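Please keep the viewer open as you read.

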Amino acid sequence: MNRPAEVEGSTTRMRAWVPYESEQEARQRLGELPDNVQLDLFTGAELPSSTEDVEFYVDPYLGAGQSAWSTLATLPKLKVVQTLTAGFEHIQPYVPHGVTLCNAAGLHDASTAEMAIALSLALGRHLDVFARNQAGGNWQFQWGSSLADKRVLIVGYGHIGQAIERRLAGFEVASITRVARTARTEPVPVHAIDELPALLPAADVLILITPLTPQTEKMIDKQALALLPDDAQVVNVGRGRLIDTDALLAETASGRITAAMDVTDPEPLPSDHPLWTTPGVLIAPHVGGASSAFYPRADALIADQLRRYATGQPLENVIHV
C-alpha cells in the first residue's frame, strides 16, 4: 500500500534508531538530515540506551527478530516503525496500536526482479546442472528452454511485478498476463486474482510475487498446478506459503513441470527435504533482495522518511497508523 499519512514530527530533538555500525557511516550514507534528527545505532543486537526517547525505529534488514520486535511495545515515545522489507506480516503483530508502520515498497524492485529473471533463465537453460557438471569436468550437451516465445503470467502486479515485466521486454516473450488483487484496465490490463484458474492453462512461465494474505496462502495448490500446461515453469520470488509444497513436489517429481524458488515452505528448507534433490527444481536461499542494489536504495528510503517525519511531511509506504 502506498498511502501517505500525516505523522506529527518532532520540533525538538528527535531520536531515531538506524541500522548502521557507526554514526559516521550513518551520516555519510544518509546525507544531510534536519538539525533536529538525532541518530542512535541499532543493528539487531544490543538496544541503544535511548529506549525512553526513541520515536522512529528502522528495523534492521535480516538483523533483528522477535526479541527486538517484542520491545517495540515498551518504547513509550515510539511513533514510526519503518521496515526495509516489502513484506510486513512478520513485524506487524508487534507494532503497538497508534504507531505508524511503513514498509519498503519499491526498495527491492531491481534486486528481486533480476532474481526472478535469473531463476527462470538458470532453470530453463540448465545452469544449475552445468555448474554441478563443472566440478567434475563433465562436458555434457543439453538442450534448454528459452524465455523467448513463452507466455508469461505474473501474479502480483505491484512495484516488483511491474519491474519484472520491464525486464522481460528484451526477451521476446510471446505474451505477458498480469494478475493483482483487483482487476483494472489502465494503464495496462490486469486480471483479478479470482480469475487465476482460467489463466493458468495458458501460462508457460508462472511468476509469483504477490504478498502473502489469507486469500493467497497456498493459492497454487494441487488443482492450480494441474491447470498448468506440460513443461510449464513456476518461479516463486514472493513467499513460500503461496505454494502447497507437497503438491509442488508431486508435480515436479513427475517431471511434468519445473520450478525455481527463492522462497520455500518451510523456510529454511530442511537439508533432508526431497525438493533439494528433485530434478527440475532450483532453490535459492531467499536472497532476492540481497544484492548491491539494496544499499543505495535503503539509504535513500531511510533518509527520505526521516526528513519527512522530522519536518512534519506525510510519510511514504504507510501500511497503517
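How do the residues of the lining of the largest cavity divide into nonpolar, polar and charged? They divide into 5 nonpolar, 4 polar and 1 charged, where Ala, Val, Leu, Ile, Met, Phe, Trp, Tyr, Cys and Pro count as nonpolar, Asp, Glu, Lys and Arg as charged, and the others, Gly among them, as polar. Before going further, note that this is a predicted model, in which local features need pLDDT of at least 70 and side-chain atom pairs count only at pLDDT 80 or more, while totals for chains, interfaces and linings use all residues. Residues are numbered from 1 along each chain as its sequence is written, and side-chain values use heavy atoms, with hydrogens and water left out.

Back to that cavity. The search of the whole structure finds 1 cavity of 30 Å³ or more, and the volume of the largest cavity is about 40 Å³. On a 1 Å grid over the protein atoms alone, a cavity is a set of points where a 1.4 Å probe fits but cannot get out; a pocket is an open set with protein on both sides within 12 Å along at least five of seven lines; and lining residues have an atom within 4 Å of a point. Grid points are joined across faces, edges and corners, and a volume is the space filled by probe spheres set on the points. Among the residues that line the cavity are Asn 236, Thr 245, Met 261 and Asp 265.

Now turn to the second largest pocket, which holds about 490 Å³ of space. Its lining has 30 residues, and Leu 123, His 126, Thr 258, Gly 280 and Val 281 lie nearest its centre. Helix H3 (109-124), helix H4 (127-135) and strand S13 (281-283) are the elements that give two or more residues to this lining; helices (H or I, at least four residues) and strands (E, at least two) are DSSP runs, numbered from the N terminus. By type, the lining of this pocket has 12 nonpolar, 13 polar and 5 charged residues.

Strand S13 leads us to a sheet. Seven strands form an open sheet in the order S9-S8-S7-S10-S11-S12-S13, with parallel pairing; two strands pair if DSSP finds at least two bridges between them. Strands of a sheet pair through backbone hydrogen bonds, either parallel or antiparallel. Strand S9 (191-192) and S13 are at the edges with a single partner strand each, so one side of each has no neighbour in the sheet.

Further in, look at S11 (residues 233-236), which pairs in the parallel sense with S10 (residues 205-208) over 4 bridges. Here Leu 206 stands opposite Val 234. What covers S11? Both of its faces are covered, with Gln 233 and Val 235 on one side and Val 234 and Asn 236 on the other, all buried, meaning under 20% relative accessible area, whereas exposed means over 50% and partly exposed lies in between (1.4 Å probe, protein chains only). The chain passes from S10 through helix H7 (residues 222-227) to S11 in a right-handed β-α-β crossover; right-handed means that, with the strands pointing away from the viewer, the path from the first strand over the helix to the second runs clockwise. S11 also runs parallel to strand S12 (residues 258-261), joined by 4 bridges, and Val 235 stands opposite Ala 260. With helix H8 (residues 245-253), S11 and S12 make a right-handed β-α-β unit.

S2 pairs in the parallel sense with strand S3 (residues 37-41) over 5 bridges, with Ala 16 opposite Leu 39, and S2, helix H1 (residues 23-30) and S3 make a right-handed β-α-β unit. S2 also pairs with S4 in the parallel sense over 3 bridges, where Tyr 57 is the bridge partner of Trp 17.

Those two residues bring us to the aromatic rings. The whole structure has 8 aromatic pairs: rings of Phe, Tyr and Trp (its six-membered ring) pair if their centres lie within 6.5 Å, with planes under 30 degrees apart counted as stacked, over 60 as edge-to-face and the rest as tilted. The rings of Trp 17 and Tyr 57 are edge-to-face because their planes stand at 70 degrees, with the centres 6.2 Å apart.
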